[in-house]
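This report looks at a ligand site and at the sheets and helices that accompany it. The sequence and the structure come first, and the description follows.

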Amino acid sequence: MEIGPIYRALMRNRLGVILIAAQIAFTLTVIVNAVYIINDRGELMARPSGTDEANLFFINNIGYGDTYNEAVVSAEDLDMIRQLPGVTAATIINAIPVSGSGSSTGMATVAGRIEGVVPTAVYTVDEQALSTLGVELVAGRDFTATDVRYRNDSIARGDNEIIITVAMAEALFPGEGMQAVGRTIYDVNQNASVIIGLVARLQAPWPQSSFVENSMLIPEVYIDNSAIYLVRTEPGQRDRLMVEVEERLAASGHSRILRNNRSLEERRAESYRIDSAMSTILVAVIGTLMFITAMGIVGLAVFSINRRRKQIGTRRALGATRPDILRYFLLENLLISTVGVVAGAVLAIAFNLFLVQNFDMSRIDWYYAPAGMVVLLILGQLAVIGPAISATRISPALATRSI
Amino acid sequence: MLKMNQINKVFRTEVVETHALRNFSLHVQEGEFVTITGPSGCGKTTFLNLAGLLETFTSGQYVLDGEDVSRLGDYQRAKVRNEKIGFIFQSFNLMPDLNLFDNVDVPLRYRGMRAAERKLRIEKALDSVGLLSRKNHLPSQLSGGQQQRVAIARALVGEPRFLLADEPTGNLDSNTASGVMELLHEINAAGTTIIMVTHDPSLATQSHRNVHILDGQVQSDNTNHVKAA
Ligand SMILES: Nc1ncnc2c1ncn2[C@@H]1O[C@H](COP(=O)(O)OP(=O)(O)OP(=O)(O)O)[C@@H](O)[C@H]1O
Ligand SMILES: [Mg+2]
């Protein structure tokens, strides 16, 4: 090993070394944190909504005119949809999970209590809600047709029998969420609701919300001329049925507007668009930085090899084999890169702590910095291998030929 | 020691073919001090490069130290250079970024010698050229003559069987040059075979034997009866 003389020679040409090491350190700082953010976002985006997303679509139905009677039309529409071949179930619902819009409220275990109120998304649905959403009932019972109350502004919201998510039950009754069936909880107007069932998981409409796992299903249809039909199909039938349902609704002769005929998958992608755009940008930043760093390493190597052609020829004359020359430049790069990645690891952790303190971010896992160091060391070796191989081709005759 | 038979060296570029050496034959015995002279472009450096295995030749046979080295591969040639040959260059060719100790160390590193033994040898070699006290200096802190002495120490440190020098005094003034020549004579007296290319006719007379090259061929080969002290 000839690390000693390589190191001492490098110390005589510090500027280039410092610039490249600083570039490596900076790159490491950025990629470690960027990869962490990407993974973090990825985990967020990968959370299941609890529904059978792949086979769900919805359509907005807005009626108009004096003769339009939503109670009649929606019953007729749902009947038609449920009978179509390929449709598993359908429900009328006020909001779509992970869609970005919906309604929420706060529930407490004691009437009138303000502190300890648990925020939750509210889904008003009919009796086919659970089978349509595809959520899993883990305790209690499902809704029946007689549970469903049809209501408009002239009928006040009364007491309800409701189904909530396990996460919400845990928030209301810490440690005994699974025993929540049969218990009564209260909304801000002190209306009582009896929990009749628990579902394993059903996300709120807002994926960024802090209570995204808290959802409450109320068996209620609100008659106001505007409705969302949510339809679950057999696998592979969704896209065909999206077209068919819209065509049949349009052909039914009622005065209405049909909007937003979308699959849940599509809606989900839109809700996470900023997250996935950010990940794409970060990937581009990482790629660009790594490329620039690699080019910097190649540039420095080519420059220093060209400057030392005669020295390399002399080393060859004095007995260096081609592998010796190759090893020299790989080792030299390893030394520079090691300085860079050590500094970079320190900077990366410091930068992460800064993000933790100033933004809503968590600490990076311990293995991110070492993994980044290894990646950049390998990148450095790969970048220098081309110039180093060209250095091995320098003829030993250069020792006597050129001045 | 060194036997070249019917060596041809042709440099081919896109435009011209240069016959740098043609049917070149030369035998050098162990312990000789041979000077090579001849007009510029006659092929002196080419001969030295072939003798030192820095370049390959087009045809002919070269036997070095009893071994036919005509067709050795690149790796083996490097090993032969490292173990059997010492080089001294006109422009010294020291590594500017390394101190004298590390400079002399270069050939030993390629021999895979233990650090303790290397240190012993390097200090002995630097001492023999009178520069041990400056082992931590950089080449740029030395005069030309001193730099060439370091280069000689580097050539000797591996204890080669013979030494090849291409105008070792070409960049030095005459006083410094004669100092370097004295050193070479001492080295030769200690048993190392030396082949030296020179332009200086007075230096040529100081050797055992002077070979004059013209147009890539040996034109005259004279034994000098007058030897320098
Ligand atoms: N790499 C090369 N490519 C092409 N021609 C070359 C090359 N090296 C040397 N020559 C040619 O070979 C011939 C011999 O060159 P060489 O360097 O051996 O001469 P020399 O006797 O050492 O001259 P000088 O006294 O000027 O150093 C010259 O004509 C030269 O131009
Ligand atoms: Mg020459």
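Two strands are taken to pair here if DSSP finds at least two bridges between them. The model is a predicted one, and with that criterion chain B shows an open sheet of 4 strands, in the order β2-β1-β4-β5, with antiparallel pairing. At the edges of this sheet stand β2 and β5 (67–68) of chain B, each of which has a single partner strand, so one side of each is left without a neighbour in the sheet. Within the sheet, strand β1 (residues 2–12) of chain B is joined to β2(B) by 8 bridges, and the two run antiparallel; R12(B) stands opposite E17(B), which lies in β2(B). Helix α1(B) packs on this sheet, where it touches β1, β2 and β4 (59–64) of chain B, and its direction makes about 120 degrees with that of β1(B).

In general, strands of a sheet pair through backbone hydrogen bonds, either parallel or antiparallel.

| Strands | Sense | Bridges | Bridge partners |
|---|---|---|---|
| β3 (33–37) and β8 (193–197) of chain B | parallel | 4 bridges | V34(B) and I195(B) |
| β3(B) and β9 (209–214) of chain B | parallel | 4 bridges | V34(B) and R209(B) |
| β9(B) and β10(B) | antiparallel | 6 bridges | I213(B) and V218(B) |

V34(B) therefore has a bridge partner in β8(B), namely I195(B), and another in β9(B), namely R209(B); strands of a sheet can pair in this way because the links run through backbone hydrogen bonds. Strands β9(B) and β10(B) form a hairpin with 2 residues between them, and D215(B) in the turn has a positive phi of about 55 degrees.

**The ligand site**

Around ligand 1 there are 13 residues, of which the closest are R401(A), S40(B), K44(B), T45(B) and T46(B). Because residues from chains A and B surround ligand 1, the site is shared between chains. By class, the shell comprises 4 nonpolar, 7 polar and 2 charged residues.

Oxygen atoms of ligand 1 make several polar contacts: one lies 2.4 Å from an N or O atom in the side chain of S40(B), one lies 2.8 Å from a polar backbone atom of G41(B), and one lies 2.7 Å from an N or O atom in the side chain of K44(B). The protein covers 66% of the 630 Å² of accessible area that ligand 1 has on its own. Two or more residues of the shell come from each of β2 (17–28) and α1 (44–51) of chain B, and α1(B) gives the largest share, 3 residues.

Key
Residues are numbered from 1 along each chain as its sequence is written. Chains are lettered from A and ligands numbered from 1 in the order in which they are written. This is a predicted model: local features need pLDDT of at least 70, side-chain atom pairs count only at pLDDT 80 or more; totals for chains, interfaces and linings use all residues. Side-chain values use heavy atoms; hydrogens and water are left out. A residue is near a molecule or strand if one of its heavy atoms lies within 4 Å of it. A polar contact is a pair of N or O atoms within 3.5 Å; within protein, one must be able to donate a hydrogen and the other to accept it, and residues adjacent in sequence count only if both atoms are side-chain atoms. Accessible areas come from the Shrake-Rupley method with a 1.4 Å probe; for residues, only the protein chains shown count as cover. Ala, Val, Leu, Ile, Met, Phe, Trp, Tyr, Cys and Pro count as nonpolar, Asp, Glu, Lys and Arg as charged, and the others, Gly among them, as polar. Contact means heavy atoms within 4.5 Å. Axes are lines fitted to C-alpha atoms, for helices over the stretch in contact, and angles run from 0 to 180 degrees between N-to-C directions.
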